[in-house]
Amino acid sequence: MHSDYGYFKFKTSLYDGGLSIQTKLFQNPEKCFSDYDCNPEGHWKEESGLLNSNKQNFPIQLDLGFYFAISKVRYAESSFFDCNYSELKIYHGFRFQEPFDPFHPLDFYHKDQCEWISENAAVCPRIDITKKGILEMDLRKGSTRNSHISFWHLLEGPSGLGLVLGLTYCGPVIKSLDFIDLQVNRYE
């Protein structure tokens with residue numbers, strides 16, 4: 001039996017709410033020009049998972065090698081008339097050039113830890129998978145970088161169910177906060 005794989009894992013210590021994670025992993029970012037025009041060539045896969053107080057880890061088994069990825073993390077925490085929401089985008093191993101350069105759209109990232117590029121976006125190291133190794137993204141509560149009110153739940157869902165439940169439980173306003181902090185851990 002061969003063990004030519006390792007793990008890329010999301011972990012959380014946010015126990016008051018739930019995290020939804022969507023990540024698109026690929027080995028060749030050559031055909032990525034923007035968030036909305038990213039069609040990598042070769043091997044790529046999409047993974048989705050949920051984290052909460054009962055499930056604090058979301059591991060993804062990958063073959064040995066290195067990967068780039070774009071991950072979207074959404075956090076929701078709710079109690080009666082006090083609902084909080086946060087979104088975070090993570091670029092793994094690259095970010096898009098600012099300002100946009102159509103000939104060289106990517107800026108590769110070579111540091112060992114994550115760096116904030118806006119209130120709700122970060123660039124993190126490339127995903128290097130070693131034999132039975134683990135690259136872990138630890139999502140935890142940090143200081144608030146941005147806060148504003150949101151009405152997104154009033155528009156959610158074509159059936160209107162989101163509107164009824166949102167108004168009844170959360171009220172007309174939800175607090176949108178950018179407070180998730182990131183730490184990269186490697187285990188060999």
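The largest nonpolar core of this predicted model has 27 residues, of which Phe 8, Phe 10, Ile 127 and Ile 180 touch the most other members. A nonpolar core is here a set of buried Ala, Val, Leu, Ile, Met, Phe, Trp, Tyr and Cys residues joined through side-chain atoms within 4.5 Å. Buried stands for a relative accessible area under 20%, exposed for over 50%, and partly exposed for values in between, with a 1.4 Å probe and protein chains only. Residues are numbered from 1 along each chain as its sequence is written, and side-chain values use heavy atoms, with hydrogens and water left out. Because the model is predicted, local features need pLDDT of at least 70 and side-chain atom pairs count only at pLDDT 80 or more, while totals for chains, interfaces and linings use all residues.

Phe 10 is in contact (heavy atoms within 4.5 Å) with Ile 21, Thr 23, Leu 51, Gln 56, Asn 57, Phe 58, Ser 71, Ile 90, Met 137 and Leu 139, leaving aside neighbours within four places in sequence. One of these partners, Asn 57, lies in strand β6, residues 57–63. Helices (H or I, at least four residues) and strands (E, at least two) are DSSP runs numbered from the N terminus. Asn 57 and Phe 10 are 47 residues apart along the chain, and their C-alpha atoms are separated by 5.7 Å. Besides Phe 10, Asn 57 touches Lys 9, Lys 11 and Leu 51, not counting residues up to four places away in sequence. With a relative accessible area of 32%, Asn 57 is partly exposed, whereas Phe 8 and Phe 10 are buried.

The protein has two helices and 15 strands. Buried residues make up 39% of its 188 residues. Among contacts between residues at least 6 apart in sequence, 71% join residues at least 24 apart.

Two disulfides are present, a disulfide being a pair of cysteine sulfur atoms within 2.5 Å. In one, Cys 32 is joined to Cys 38 with an S to S distance of 1.9 Å. Cys 32 is buried at 0% relative accessibility, and Cys 38 is buried at 7%. The other disulfide joins Cys 114 to Cys 124, with an S to S distance of 2.1 Å. This link of Cys 114 and Cys 124 is right-handed, with 110° about the S-S bond. Cys 114 lies in the loop between β10 (106–108) and β11 (115–118) and Cys 124 in strand β12 (residues 121–124), so the link ties together parts 10 residues apart in sequence. Cys 114 is partly exposed, at 22%, whereas Cys 124 is buried at 0%.

The structure holds 10 aromatic pairs. Rings of Phe, Tyr and Trp (its six-membered ring) pair if their centres lie within 6.5 Å; planes under 30 degrees apart count as stacked, over 60 as edge-to-face and the rest as tilted. Phe 8 and Phe 10 form an edge-to-face pair, at 5.0 Å centre to centre and 65° between the planes. Tyr 91 and Phe 96 have ring centres 5.7 Å apart and planes at 85°, so this pair is also edge-to-face. Tyr 91 is buried at 7% relative accessibility, and Phe 96 is buried at 13%. Both belong to one aromatic cluster, which includes Phe 26, Phe 66, Phe 68, Phe 94 and Phe 108. The charged end of Arg 126 sits over the ring of Phe 66, 4.2 Å from its centre. For this assignment NZ of Lys or CZ of Arg must be within 6 Å of the ring centre and within 35 degrees of the ring normal.

Two backbone features are noted. Most residues other than glycine have a negative phi, and most peptide bonds are trans. The peptide bond from Glu 98 to Pro 99 is cis, with omega near -5°; Pro 99 is found in the loop between β9 (94–96) and β10. Lys 132, which is not a glycine, has a positive phi of about 55° and is found in the loop between β13 (127–129) and β14 (134–150).

The average pLDDT (the predictor's confidence in each residue, from 0 to 100) is 81, and 80% of the residues score at least 70. Confidence is highest in β12, at 95, and lowest in helix α1 (residues 152–155), at a mean of 48. Over residues 157–165 the pLDDT is below 50, and this stretch has six contacts in the model beyond near neighbours in sequence. Where pLDDT is low, the predicted coordinates should not be read in detail.
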